[in-house]
Amino acid sequence: MRSNLKYKVLGGLRRVAILLLVAWTVVSLVTLLIELVPGDPAVAVLGEQATPEQFQQFRQKHGLDRPPFFFSFPRDASGERHFEWHGRDNRYTDYWRGIVKGDMGLSFRTDKPVIDLILERYPATIELAIAALLVAVVIAIPLGVVAGTHRGTWIDNVASVVALIGISLPSFVIGPMLVYVFAVKVHWLAPSGRFHWSDLILPSLTLGAAFSAILTRMVRSSVIEELGEDYVRTARAKGLSENVVIYKHVLKNGLIPVVTILGLQLGVLLAGAIITEKIFGWPGLGLLLVEDGIGKRDYRVVQGCVLVISMTYIIANTLTDMVYRFLDPRIRVS
Amino acid sequence: MNRLTLIGIVIVLILVLVAIFAPWIATHDVGATNLSIRYLPPSSEHLFGTDSTGRDLFSRVIFGARISLEVGIVVVAVSTVIGTLLGALAGYYGGWLDRLISGYVFNVFLAFPGLLLAIAMVAFLGTGLNKLILALCIIGWVGYARLIRGQVLKVREYDFVQAARALGAGDFRILLFHILPNSVQPLIVQASLGMAGAVLAEASLSFLGLGVPPPSPSWGVMIEEARDLSTLQSAPHALIFPGMAIALTVLGFNFIGDGLREYLDPRQRAR
């Protein structure tokens with residue numbers, strides 16, 4: 001019993017350590033990525049024509065005049081690179097200090113705090129992701145169960161091929177096709193925007209489609225695996241009807257790995273949301289990242305969006321892991 | 001062999017042939033615009049019709065195969081080599097190297113949606129085919145490394161490895177001639193699915209305007225150009241043909257990968 005507790009504590013500590021390490025890496029990466037910008041970010045934002053004073057003011061306002069990291073290798077007068085130590089007073093620590101206080105700097109374009117821009121857009125992305133998740137679950141569970149219980153028959157084959165086609169059809173093909181059918185041809189739904197509840201239908205179908213295909217395959221193989229277990233034979237031997245066997249026993253156990261996949265695929269969903277939001281002009285984080293951030297070279301906005309999307313993903317993964325452990329006590333210890 | 005695998009092989013073969021012989025198959029110049037023939041429906045002159053600037057869609061889709069395959073092959077080849085090397089070293093030697101690679105790098109990459117990382121890198125590096133390939137390789141190698149590490153950990157304990165060691169074989173010889181040949185089977189599946197993934201990623205990034213820049217006939221670029229409402233209204237075929245090209249390509253590689261996986265893993269094989 002004591003060693004059991006020890007394993008739990010150690011496992012928990014390990015998980016927290018990994019979480020912190022990953023968070024540190026993501027923030028560092030996001031901070032240092034701006035150093036990759038070819039040339040000078042100030043020139044990229046303000047353009048070649050700006051005056052030296054404007055450049056100076058811009059760099060000062062956004063801290064770009066300060067050293068990027070604890071040390072650097074600047075060129076001296078003769079063109080040789082040499083090591084220079086800057087101490088704690090650098091952009092890397094600045095960004096960290098800001099993050100701790102919930103401050104992600106000011107937008108290079110609009111001077112608004114990046115955190116405000118993100119909070120304004122965040123609900124739309126979460127709304128889209130949850131709706132897509134629901135679409136996927138509603139399609140995938142019945143389809144996967146039917147395919148799994150009719151393994152090897154034409155029903156299974158059709159379901160499997162449909163799922164593969166769903167995986168292969170990218171959202172940026174499905175999305176515009178849905179727009180063509182429902183907005184251009186029959187005018188039932190708006191092609192883009194987020195004004196009416198019905199505006200959610202096309203984006204969530206688009207984002208959910210590929211996801212439901214992955215999920216269908218998962219549910220199918222999970223159901224097949226569970227059907228081979230001893231308890232299924234016992235349940236059938238007891239004289240339970242096939243429906244009870246499948247829906248009460250098989251599905252309950254078979255959904256455990258599916259929950260994990262759901263959680264792990266959330267990253268795919270969040271990344272996919274970037275494309276879906278662009279297709280439908282859905283005002284979420286993805287659109288903020290692609291149009292306001294990357295499109296207008298507003299690197300502060302890019303940093304903030306990447307940071308928030310990855311953190312959401314990391315937290316969702318951790319929660320998934322906890323739910324998984326709760327559902328299946330066998331894996332709690334090992 | 002599985003029928004779907006066969007279909008996959010046929011699709012991929014056609015794709016490869018089309019990419020190699022693109023200049024002979026294409027009927028028009030891929031870049032030549034002509035506003036007087038915009039939005040033409042498919043005909044014998046323009047097999048897939050024309051787009052919003054009067055370019056021949058058939059020729060553009062044909063040349064798009066080159067971009068897709070180029071990105072796919074380079075990304076999968078580079079990722080496989082780097083992934084196999086690092087995964088095998090981590091699995092074989094263990095110790096601090098394994099702790100660094102599997103304990104830290106794998107966890108970080110798992111915690112980061114791959115497409116987002118590619119988008120972030122391209123956003124800061126700038127767009128272009130080479131930067132796109134670089135970004136996809138950086139996110140791609142980890143999957144292969146994880147796979148090979150697991151395989152090596154398993155195969156390392158087999159008797160024939162002990163036998164080879166008893167006969168005096170060195171680490172390098174054991175790893176290269178005894179462990180790796182017995183670890184690569186799942187790698188082939190991963191590489192096939194990786195081709196599908198790379199083709200999809202290239203098209204996605206190009207669609208977002210972060211991959212191959214516009215005048216090039218990348219399928220992702222073509223879809224982005226075809227999805228505004230006026231083009232959708234007058235020329236839906238400008239969306240459908242490149243869309244079908246992407247879907248068929250990805251489907252082909254997925255069919256092959258799936259077929260191979262079933263073939264290699266008897267538990268999944270239909271009775």
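Biologist: What makes helix 3 of chain B largely enclosed by the rest of the structure?

Modeller: The model is a predicted one. In helix 3 of chain B, 26 of the 37 residues are buried, so the helix is largely enclosed by the rest of the structure. A residue counts as buried if 20 or more other C-beta atoms lie within 10 Å of its own.

Biologist: How does the reach of helix 3 of chain B compare with the span expected at 1.5 Å a residue?

Modeller: Helix 3 (residues 57-93) of chain B reaches 53 Å from its first C-alpha to its last, close to the expected 54 Å. Just after this helix, B:Gly94 has a positive phi of about 65 degrees.

Biologist: Why is helix 3 of chain B called roughly parallel to helix 12 of chain B?

Modeller: Helix 3 of chain B and helix 12 (residues 237-264) of chain B pack at about 30 degrees, their axes being 10 Å apart. Angles under 35 degrees count as roughly parallel, so the term applies to helix 3 and helix 12 of chain B. Their contact involves residues including B:Gly64 of helix 3 and B:Phe241 of helix 12, and its residues divide into six nonpolar, four polar and no charged.

Biologist: Why are helix 5 of chain A and helix 6 of chain A called oblique to each other?

Modeller: The angle between helix 5 (residues 114-149) and helix 6 (residues 154-168) of chain A is about 140 degrees. Roughly antiparallel requires an angle over 145 degrees, and roughly perpendicular one of 65 to 115; helix 5 and helix 6 of chain A are therefore oblique.

Notes. Residues are numbered from 1 along each chain as its sequence is written. Chains are lettered from A and ligands numbered from 1 in the order in which they are written. This is a predicted model: local features need pLDDT of at least 70, side-chain atom pairs count only at pLDDT 80 or more; totals for chains, interfaces and linings use all residues. Axes are lines fitted to C-alpha atoms, for helices over the stretch in contact, and angles run from 0 to 180 degrees between N-to-C directions. Helices (H or I, at least four residues) and strands (E, at least two) are DSSP runs, numbered from the N terminus. The expected span of a helix is 1.5 Å times one less than its number of residues. A residue is buried if 20 or more other C-beta atoms lie within 10 Å of its own, exposed if 12 or fewer, and partly exposed in between; C-beta atoms are placed from the backbone. Two residues are in contact if their C-beta atoms, placed from the backbone, lie within 7 Å. Ala, Val, Leu, Ile, Met, Phe, Trp, Tyr, Cys and Pro count as nonpolar, Asp, Glu, Lys and Arg as charged, and the others, Gly among them, as polar.
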